[in-house]
Amino acid sequence: MATACQGPAVSPQDRLTLNDAKINEIIAQMTLEEKVNMLHSKTNMSSAGVERLGIADMNYADGPFGIREEGQPNGFMSAGWTLDSATYFPTGSALAATWSEELAYKYGTGMGKEARLRGKDVILGPAVNIQRLPVGGRTYEYLSEDPILSAALALEYTKGCQDEGTAVCIKHFAVNNQETNRGSVDAQLDERTLREIYLKPFERAIIEGGAMSVMPAYNKVNGDYCSENEHLLNEILRGEWGFKGFTVSDWGGTHSTMGAMLHGLNVQMTGSNYLGQPVIDSIAAGKLTEELVDEKVRQILRVRYAIEAVPADVANTVMTSQPESQQIALEVARKSIVLLKNEGVLPISQDVKKIAVIGQNAVLKTQSGGMGAGVKALYEVTPLEGIQAKAAEKGIEVSYAPGYKTIAFRWGPAPENLDPLEARSNDEPADPALVAEAVALAKDADLVLFFGGTNKSIETEGSDRKNIKLPCGQEELVQALYNANPNLATVLISGGPTDLQVLEPVSPSIVQGWWNGTEGGTALAEVLFGEIAPSGKLPFTFPVKLEDSPAYAMGNFPDPNGAGGDLFSLMFRPDVLKMSPEERQKFIDSLPKPVSKYTERFYVGYRWYDTKEILPMYAFGHGLSYVVFSYHDMKAKAGKDAVTVTFTLKNEGEMPADEVAQLYVHREDSQVEWPMKELKAFKRVSLNAGESKTVTLTIPMKELRYWDEAANAWALEHGDLELLLGGASDDIQLATHVNI
Ligand code: BGC
């Protein structure tokens, strides 16, 4: 740590350059072949070091919410290990629902520690893209629709992980907001939207958190693939943000030798057809220089020397999942659960003696599936198990019926002995026999807990949902349950928003329960039985209907021209499979290219609904508790570097509870176009029953700037700001003005 006598503190990125002299000496000893060998995969999850010089390989692990099961060297199929069961942490949107920087940091430490136990140097995460589309297949992996919330959590995850000696590989850089045609879609957007919305989470994690590696996304941005995008990788990431580490293409996301070499890629994952021999050939032909290769190797070695390789005889000697991380997973799950609506059914009353738990989502494990982000968890407490354990302590009887059956995720072909009910498509209507069985239990119970939502076959990497309807006949089922017994609460087990138009009127209480990790069922039961107050807040908007959401309303998604030609969907076509990699690329390049226009600009999520005055079903930031909070004495002060807001927050209830106070900014008389309001600061505050606390929120002045397209620079507009304070974007309790 630098002191006053040592001069200014070294920035987190510049810290990576402290070994440059030694690194340059090592590079001088390397052959060209050894250097180029570091620029592509060695195995499916590693890139090479140089054994002769004592440089260890770089070992990667998926991310982002559990160290992925060990795969075969040449692919993702299980290696069949026994010590590789990890802690399954709550998925991205659940972490974001905590709105807790402190928990994001701890989460990062848990991931970083377990990575080292498995001998990994780099976690392929956090995944921090903005949730632009309610249907987005990776909404559950990503954090929020809001850049300030996403950035704060991305930063803390990064710091926590890297403090444990594991590098992050923050992904997917950038504008990776849809899975449809993800391998080739061109995201077309203006510079202001890019800077203010889509780059924010990356910017903070890289500049302030010192993120050591970055994964360019599959898609293109404004015409160029992210893995060879001069503007993103060379101008912004390295040029403006001072990034000193290395970039790793998404798996199969490298597209050319010259493009990747000249425009900012360090490592091709996976394969070597672009950054292997062709690099050596291009140098021989005078098209590339060896100095450029040296520069790329230097960037990789900076991380190699910042991260101590785990010795082979230390790695994998104990189980990956450890109690300390399981405890972090539990803490996050406890604070992530969002009470969307409560007409008195929750917490479960002491008069309840018999509970009917209905819905297959109460028993489905959610650790695997969704592709890269799946986890082989050491254990996973399902919602039903959590409820049964808690009910047993209290002498309450619990019955269960599936009510519907859905396709559980599995790799590879379905086994022959598949239960025919499991082969259903998610669009099928309710099954009368399953509904009848569930209704009988509901009638006989004091309380019905209905578990709806999606699963990881529906919300998954590689495809977007067709719609956000509740699948498998859940709407018909919940109506029948309510008719049988209106003392009913719904728990939604899903990663993204769902359409609640039918469910809402027949569900007096609704909880968003997420995919909440190893201890998800434990945390859920604590909330349902009222041992802890719910305190999660929505990190994204639940629209009334899909068509209300910005990209749909603007006709930007689905792509109105429907152009295909996606690398990933084509890879499964038998004729394409027969082609050589070069032929395949040529063929793909010859197809019309899909485009995603971002003409909704920065009106993403609540910025859109607020400005257009479209009422959502549940607003961004919404989340109830078992207590109410009151806000008092708001004061604001503008200094040179920041706007500071203080206020008093009181828990008016009879149990300890957390509130997430949110501060939004509304511009008045502005010459610049702004959304109606924007989140600028937030804080999770714990309060005992009846307790008051003075809370301070700070908005750094730089967060009030906008991207001035004419000047191609950040600019601060002086004038009057209205500061809006409350417990949700649609629950503003106090307001005041400040002049900046
Ligand atoms: C995903 C990445 C993941 C990689 C390796 C890709 O398909 O987009 O997020 O890290 O695979 O599993």
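Biologist: Before we look at the sheet, when do two strands count as paired?
Modeller: Two strands pair if DSSP finds at least two bridges between them. Please keep in mind that this is a predicted model.

Biologist: Which strands form the open sheet, and in what order?
Modeller: The open sheet has three strands in the order β18-β19-β22, and their pairing is antiparallel.

Biologist: Which strands stand at the edges?
Modeller: The edge positions belong to β18 (629–638) and β22 (692–700). Each has a single partner strand, so one side of each is left without a neighbour in the sheet. From one strand to the next, the twist averages 20 degrees.

Biologist: How many bridges join β18 to β19?
Modeller: Eight bridges join β18 to β19 (residues 642–651), and these strands run antiparallel. As a point of reference, A636 stands opposite V645 in β19.

Biologist: Let us turn to the whole chain. How many helices and strands are there?
Modeller: The protein chain has 22 helices and 26 strands. Its C-alpha trace spans about 80 × 70 × 55 Å along the principal axes.

Biologist: How does the radius of gyration stand against that of a compact globule?
Modeller: The two agree: a compact globule of 740 residues would have a radius of gyration near 27 Å, and the protein chain has 26 Å. Buried residues make up 61% of the 740 residues.

Biologist: What share of the contacts joins residues at least 24 apart?
Modeller: The share is 77%, taken among contacts between residues at least 6 apart in sequence.

Biologist: Now the charged pairs. How many salt bridges are there?
Modeller: The count comes to 48 salt bridges. One of the pairs is D57 with K42, whose side chains meet at 2.6 Å, N to O.

Biologist: Which parts does that pair tie together?
Modeller: D57 lies in the loop between β2 (46–47) and β3 (58–62), whereas K42 lies in strand β1 (residues 41–43), so the pair ties together parts that are 15 residues apart in sequence.

Biologist: What about E600 and R132?
Modeller: Their side chains also meet in a salt bridge, at 2.6 Å, N to O. E600 is in the loop between β17 (595–597) and α22 (606–612) and R132 in the loop between β4 (122–124) and α6 (147–163), so this pair ties together parts that are 468 residues apart in sequence. Both E600 and R132 are buried.

Biologist: How far apart in helix α7 are E191 and R195?
Modeller: They are four residues apart in helix α7 (residues 191–198), which means a separation of about one helical turn.

Biologist: Which residues are linked in a network of salt bridges?
Modeller: R138, E141, E179, R182 and E461 are linked in such a network.

Biologist: One last topic, T87. Where is its place, and is T87 buried or exposed?
Modeller: T87 is in the loop between β3 and α4 (92–97). At 0% relative accessibility, T87 counts as buried.

Biologist: Which side chains make polar contacts with the side chain of T87?
Modeller: The side chain of E114 makes one at 2.5 Å, and that of S321 makes one at 2.6 Å. Leaving aside residues up to four places away in sequence, T87 touches several residues, including F65, G66, Q322, V375 and T518.

Notes: Residues numbered from 1 in each chain as written. Heavy atoms only, no water. Salt bridge = Lys/Arg side-chain N within 4 Å of Asp/Glu carboxyl O. Helix = DSSP H or I, 4+ residues; strand = E, 2+ residues; numbered from the N terminus. Buried < 20%, exposed > 50% of the residue type's maximum accessible area, 1.4 Å probe, protein only. Polar contact = N/O pair within 3.5 Å; in protein donor to acceptor, adjacent residues only side chain to side chain. Contact = heavy atoms within 4.5 Å. Axes fitted to C-alpha atoms, helices over the stretch in contact; angles between N-to-C directions. Rg over C-alpha atoms; globule rule 2.2 N^0.38 Å.
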